[in-house]
Amino acid sequence: MSDHAPVLQSELDLNLLHRGKVRDVYEIDAETLLMVASDRVSAFDVVLPQPIPFKGEVLTLVTAWWLEQLENRLSHHLIAVDPDVIVDRHPELAASRDVWQRRAMLVHRTNPVLVECVVRGYITGSAWKEYAREGTLAGEPLAKGLQESQRLDPPIFSPATKAQEGEHDENITYAEVVELLGAELAGRLRDLSQDVYAYGRDVAGERNIILADTKLEFGVAPSGDLLLIDEVLTPDSSRFWPKETYKIGRGQPSLDKQPIRDWLDGLDGWDKTPPAPDLPDEVVRATSERYQDVFRRLTGVSLQAYVPPRFGTAR
Ligand SMILES: Nc1ncnc2c1ncn2[C@@H]1O[C@H](COP(=O)(O)OP(=O)(O)OP(=O)(O)O)[C@@H](O)[C@H]1O
Ligand SMILES: [Mg+2]
């Protein structure tokens, strides 16, 4: 942990396969990827110009924290997150360690399933908008009389297509998932996603955090195994609401990005297309603190003190 310089964009001496809104994905070899979570932050699907210190570390280490607990429920892609383990397996990464340590995951390379597996346990966001208008979610009718941010029991599997760059994900029905992927895979995705969400909602709830919804991704390994991939139950892939401010019948403040949202709301003139406006230092600092607070609140340990699990990949 010698270097805390925020990373807007990593430049490792490896084959860069994908630069997403947040992650830089490198090829290590035919079976292995290095996923580096940068400190980029996006709003309305547009990446903002300033990095948020510690954000990448929070996303990666929150994922590792959950995956360690989820290991007996399903298979996942994580091979190693402990920098010592990563360097032992790939000594060529030692020289660039300051850039990637604690923000990188060494993972099994998969063929990603092209459906985003969203589970909603509270009705909010695009789901609330559709319901308020049509009484449906992804075209399927929901109970009448729901209020904004109301808890949904049971939680609802609400898949979406993975959008190409610059586009937004689109909600699809379960029948469409069956059509795309076949009934067997569709059923497994739904059941696994429901199980992960239910576990996450319970654990977060014990920490006075409402896990309103989450988006999971799965991939098929060369062996044919279905693996949980990408980030898992993080503030970027999920909506975390503080329990103490939860109130039904309105939108909820977010635990992490609220300073950015508030600041952008107060601006006039940004039309939510690139380029995004520069964030003031104060907003960057407040957001960084929020991300670190989420980590502490969820795991019970400060980000700085957290020692990532070794995932049984002993040296
Ligand atoms: N084990 C894996 N094998 C193959 N691809 C993976 C694996 N884990 C994650 N990915 C892919 O790596 C990418 C991660 O990048 P990132 O999340 O920054 O970008 P994005 O998904 O394009 O955009 P966003 O998440 O902001 O919508 C995703 O496309 C994800 O599907
Ligand atoms: Mg992503």
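This is a predicted model: local features need pLDDT of at least 70, side-chain atom pairs count only at pLDDT 80 or more; totals for chains, interfaces and linings use all residues.
**Entry 1: overall build**

I started with secondary structure and found eight helices and 17 strands in the protein. Along the principal axes, the C-alpha atoms fill a box of roughly 60 × 50 × 35 Å.

I also checked the contacts between residues at least 6 apart in sequence: 67% of these join residues at least 24 apart.

**Entry 2: burial and surface**

I looked up burial next, and 50% of the 315 residues count as buried. The protein exposes about 14,500 Å². Carbon and sulfur atoms supply 48% of that area.

**Entry 3: charges**

I noted 35 positive and 51 negative side chains. The centres of the two sets lie 5 Å apart. A search of the whole structure for salt bridges returned 26.

**Entry 4: Arg109 and Glu27**

I took this pair as one of the salt bridges to look at; the N to O distance is 2.8 Å.

**Entry 5: Glu116 and Lys162**

Here the side chains meet in a salt bridge at 3.6 Å, N to O. The pair links distant parts of the chain, 46 residues apart, with Glu116 in strand β9 (residues 115-122) and Lys162 in the loop between β13 (160-161) and β14 (170-171). I asked which end is buried: Glu116 or Lys162? Glu116 is buried, because its relative accessible area of 3% falls under the 20% cut-off. Lys162 is partly exposed at 32%.

**Entry 6: Arg190 and Asp191**

I then turned to Arg190 and Asp191, whose side chains form a salt bridge at 3.5 Å, N to O. Arg190 counts as partly exposed at 30% relative accessibility. Asp191 also counts as partly exposed, at 46%.

**Entry 7: a network**

Last, I asked which residues are linked in a network of salt bridges. I noted Glu11, Arg19, Asp24 and Arg40 as linked in this way.

Methods. Residues are numbered from 1 along each chain as its sequence is written. Chains are lettered from A and ligands numbered from 1 in the order in which they are written. Side-chain values use heavy atoms; hydrogens and water are left out. Helices (H or I, at least four residues) and strands (E, at least two) are DSSP runs, numbered from the N terminus. Buried means under 20% relative accessible area, exposed over 50%, partly exposed in between (1.4 Å probe, protein chains only). Contact means heavy atoms within 4.5 Å. Accessible areas come from the Shrake-Rupley method with a 1.4 Å probe; for residues, only the protein chains shown count as cover. Lys and Arg count as positive and Asp and Glu as negative; His and the chain ends are not counted. The place of a charge is taken as NZ of Lys, CZ of Arg, CG of Asp or CD of Glu. A salt bridge is a side-chain nitrogen of Lys or Arg within 4 Å of a carboxyl oxygen of Asp or Glu.
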